[in-house]
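Subject: Structure handover

Hello,

Below is the structure I said I would pass on. My notes on it follow.

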Amino acid sequence: MREKIQRFMMGRYGVDDLGRLLSGTVLGCLVISMFSFLVPVLAIFYWIGIALMIYSFFRMFSRNTSKRYAENQKFLNWRYQGTVKRNQAKTRFAQRKIYRFYKCPQCSQKVRVPKGKGRICITCPKCRTEFVKKS
């Protein structure tokens with residue numbers, strides 16, 4: 001039986017990170033829909049879960065591996081950008097007592113300056129624009 005499944009899956013895409021996220025979302029939607037007898041509006045989660053399950057199986061059994069790979073790469077890129085932004089926000093939050101953060105009016109580069117120095121002239125390291133702010 002194992003060989004038959006392996007032969008069937010040859011040339012098909014299989015499971016990737018986006019597929020795992022879809023499967024988890026399906027499971028969450030179906031668990032939420034179990035409580036639809038309490039709140040009838042939650043029944044929509046059942047249909048959302050079923051639709052995502054169909055899409056997940058479509059991706060898993062697809063023979064167009066290049067397209068599924070591109071979809072997964074977009075998802076991984078989006079997830080990476082979110083992680084980077086969250087880490088930057090965490091770092092900024094940890095440094096909020098020591099530094100102030102300003103955006104350059106010219107290029108929108110974030111500039112970090114020490115607090116408590118009064119009005120200072122800040123030079124953007126990217127575009128060399130000078131602007132005056134209170135630190």
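I begin with one pair of side chains. Arg-59 and Glu-71 form a salt bridge, with 2.9 Å from N to O. This pair ties together distant parts of the chain, since Arg-59 belongs to helix α3 and Glu-71 to helix α4 (residues 65-94), 12 residues apart. Please keep in mind throughout that the model is predicted.

How buried or exposed are the two partners? Arg-59 has a relative accessibility of 1% and so counts as buried. Glu-71, at 21% relative accessibility, counts as partly exposed. The cut-off matters here: buried means under 20% relative accessible area, and Glu-71 is at 21%.

The pair is part of something wider. Asp-16 and Arg-59 are both buried.

How many salt bridges does the structure hold? The number is 4. Among them is a bridge between Asp-17 and Arg-20, whose closest N and O atoms are 2.9 Å apart. Asp-17 and Arg-20 are 3 residues apart in helix α2, and therefore about one helical turn separates them. As background, an α-helix has 3.6 residues a turn, so residues three or four places apart point the same way. Asp-17 is partly exposed, at 28% relative accessible area, and Arg-20 is exposed, at 51%. In general, side chains of opposite charge can pair when their charged atoms come close.

Charge across the whole chain

The chain carries 28 positive and 5 negative side chains. The centres of these two sets are 14 Å apart.

Overall build

The chain has 4 helices and 4 strands. What is their order from the N terminus on? The elements run α-α-α-α-β-β-β-β.

The radius of gyration of the chain is 25 Å, whereas a compact globule of 135 residues would have one near 14 Å. Along the principal axes, the C-alpha atoms fill a box of roughly 75 × 45 × 25 Å. Of the 135 residues in the chain, 19% are buried. The accessible surface of the chain is about 10,400 Å², and carbon and sulfur atoms account for 61% of that surface. Among contacts in the chain with a separation of 6 or more, 39% are between residues 24 or more positions apart.

Two further items concern the helices. Helix α1 has 8 residues, and the number of them that are buried is 0, so α1 lies largely in the open. Just after α1 comes Gly-11, with a positive phi of about 85 degrees. In helix α4 there is Thr-91, which counts as partly exposed at 42% relative accessibility. Thr-91 and Ile-32 are 59 residues apart along the chain, and their C-alpha atoms are separated by 35 Å.

Backbone angles in the strand part

As a general point, most residues other than glycine have a negative phi. Which residues other than glycine have a positive phi of about 65 degrees here? Ser-108 is one of them, with a phi of about 65 degrees. Ser-108 is placed in the loop between β1 (99-103) and β2 (110-114). With a relative accessible area of 47%, Ser-108 is partly exposed.

Arg-128 also has a positive phi without being a glycine, with a value near 65 degrees. Arg-128 sits in the loop between β3 (119-123) and β4 (130-134). Arg-128 counts as exposed, at 60% relative accessibility.

After that, the loops holding Ser-108 and Arg-128 can be looked at in turn.

Regards

Technical notes: Residues are numbered from 1 along each chain as its sequence is written. This is a predicted model: local features need pLDDT of at least 70, side-chain atom pairs count only at pLDDT 80 or more; totals for chains, interfaces and linings use all residues. Side-chain values use heavy atoms; hydrogens and water are left out. Helices (H or I, at least four residues) and strands (E, at least two) are DSSP runs, numbered from the N terminus. The radius of gyration is taken over C-alpha atoms; the globule rule is 2.2 Å times the number of residues to the power 0.38. Buried means under 20% relative accessible area, exposed over 50%, partly exposed in between (1.4 Å probe, protein chains only). Contact means heavy atoms within 4.5 Å. Accessible areas come from the Shrake-Rupley method with a 1.4 Å probe; for residues, only the protein chains shown count as cover. Lys and Arg count as positive and Asp and Glu as negative; His and the chain ends are not counted. The place of a charge is taken as NZ of Lys, CZ of Arg, CG of Asp or CD of Glu. A salt bridge is a side-chain nitrogen of Lys or Arg within 4 Å of a carboxyl oxygen of Asp or Glu.
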